[in-house]
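Here's a quick briefing to read alongside the model. Have a look at the fold first, then run through the points below.

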Amino acid sequence: MTSALALVAGSVAAQDPAEMNFNRIAAFPTWKNMAEGEDTQRETSSEIIAATADGMTLVYTDSPLGVLGRIDITEPANPQPLGNIDLGGEPTSVAVAGDFAIVGVNTSESYTDPSGYLGAVNIETGEMVGQCDLGGQPDSVAVAKDGTFAAVAIENERDEDLGDGRTGQLPAGFLVTVGLSDGGLDCDTLNTIEMTGLAEISPEDPEPEFVDINSLGEIVVTLQENNHMVVVSAEGEVLNHFPAGAVDLTEIDTIDERGSLDFDKTQEGRKREPDAVKWLDDDHFAIANEGDMDGGSRSWSVFNKDGSLVYEAGNTFEHALIQIGHYPDKRSDAKGVEPESVEVGTFNGTPMAFIGSERGSVVGVYDVTDLANPVLTQLLPSGIAPEGFVALPDRNLLVSANEGDLIEDGGVRSHVMIYEYQQAPAAYPQLTSEGADELIGWGAISGMVADADGVVWAVNDSFYGYQPSIFKIDTTQTPARITDVIRVTRANGDAAQKLDLEGITLDGEGGFWLASEGRTDRVIPHALYHVNADGVIEDEVGLPAELMAVEKRFGFEGVTLMDGTLWMAVQREWADDPKDHVKLVSYNIESEEWGAVLYPKATPDTGWVGLSEITAHGDHVYVIERDNQIGEAAVTKKIYRIPAAEMVPAALGSDLPVVTKEEVADLIPALQAQGGYVVDKVEGLAIFEDGSIWASTDNDGVDDSSGETFFWKVETETQAY
């Protein structure tokens, strides 16, 4: 097989080799910082992250474990654990001053009795060398650029289960500054700066969320729930304060749990309610408008410290995420992609802002040379729920801390991810709907089939149960582009609900055959559907009694047409299958006869192995065989081929013949080369007439998923089989 680099090269843009781009080069799972003998199955999380002055060591807060994590990035493509430091409470934020991590730790016993401290931790030794009582619950920490003081936002957050979740729950939050001496804390200089009486919303109960300090020592503070911003001098004088304002949003989706992407709604006067804030220069700062109590404008903004609005992203940031398949439909009624994080840095002379989408798990890279007209230059894939970032321009590195840890659901763990600004094409996205005549939202790509002129047709699965769709993908462009979408409908024009589309093949007459996996407990039938070129269902073929008598949840995963017969791959064993064997089921379109052969799949040590796709080409039938494992646990993600001559079906219920298989490609190296963790769901396979093979992954509709979709041309020792 070819190298991992070659596998990726087929899926990235053919750009000017002198062009600089950020590409992900490593992902560090935070559980690796646990000591030997610890229970690594406990939840862990990377949230706020900072780096030492030389950029060689990262420190991050880990709230579930109550520790400060450390990572050695001397070799950024090969990050190494340096262990955790116990903090005796919940760390909420961290900054670095000299050799010390300045960390805010929440020790509150209740919402009404908040407490916390600011600690100075020697990063190398892990020793706590100083500690100041803050008199409340810290949320954000920043260190002045000259290292002379730290600022801490004391949120004293509200109990969202009381008072309809509204503000007005005392004690009020405030701002604290503390002097630093050689990185150590001078608690005698602690200065409490009141924030009450400033905001129009709940002036008696300010909830400071995030702080940053410019080179003049001026502190900008966001009061998220109060939808307000405050600028304070190093001495504690309030220099200015003003509302964050509101945004009129158009072309958004506001209905969650529906399983469809409909960007035809509006929200007028949506309060920004900013979370993170970062100075862009001494006069301007950027805010991420995540929202909380009443707002969340799905955008980010630039303000002058005099209170004037310089730039508003509106719906553009969210639309960019929609086009690359990262829109979190289940958050539609709330705050959409939820921009939460901001980082800034100047790379090769270009000032940049990095905007993190918590729910879309994407980092937007903006050129902010012109603060009134930032330019989105890249969208980078992140782990689940990016929370904090640190830019290291001297090393051409960007780092994200991703707090989502799905260990309880058997999913991916929390990761710290590292990106390098390099002279190379952008490796992501690999599939986009940018440039289409309309805004096309997409996700959960499952089955695929190749057509003429470089076109691949793909379907989405049951995540979008109210909007089953067929996507037209142009693979001749880089990245590949979704240029059109066909909605699958009943004859009356209504969306064909209760489908779980997992397979698609051409019918040879301009239409398609679709395979629905089915799930009886959710009243989703196992079935085949014949649709015309407009997506209208013209025929529905249910499974025969012989199959329904032995059916299980994991049904058809792919469909292909060979000599007038449809072949469907069943994902896992049904009731009558021998262990580690699954059916390849046949349906003769003309005679309506059913049959099957057996396919021998791998025996997993962990989890399960099944089939995800089937495609006929030439003298062979190709399948994707994969396990359900993620990251380092992944073992089987492969393409196999079966001689077409062996695809001779026997009658259902009889002794089925067992076909032979030959490995065509191991897909794990290609997935590893993406710089993140190995995703579990390789679902799509398309083979063109010339033998070129394309594969894709299913991003689960960005639900408990990073949303990443990999769509690439698979290189093999012999290009065409």
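Residues 24 or more positions apart supply 53% of the contacts with a separation of 6 or more in the protein chain, a contact being heavy atoms within 4.5 Å. Keep in mind that this is a predicted model: local features need pLDDT of at least 70, side-chain atom pairs count only at pLDDT 80 or more, and totals for chains, interfaces and linings use all residues. Numbering runs from 1 along each chain as its sequence is written, and side-chain values use heavy atoms, with hydrogens and water left out.

**Fold and overall shape**
- The protein chain has four helices and 50 strands, taken as DSSP runs (H or I, at least four residues, for helices; E, at least two, for strands) numbered from the N terminus.
- Its radius of gyration is 27 Å, close to the 27 Å from the globule rule for 721 residues, so the protein chain is as compact as a globular protein of that length. That radius is taken over C-alpha atoms, and the rule is 2.2 Å times the number of residues to the power 0.38.
- Along the principal axes, the C-alpha trace spans about 90 × 55 × 50 Å.

**A look at D113**
- D113 sits in the loop between β7 (100-106) and β8 (116-122).
- With 42% relative accessibility, D113 counts as partly exposed.
- D113 and E613 are 500 residues apart along the chain, and their C-alpha atoms are separated by 56 Å.

Methods: Buried means under 20% relative accessible area, exposed over 50%, partly exposed in between (1.4 Å probe, protein chains only).
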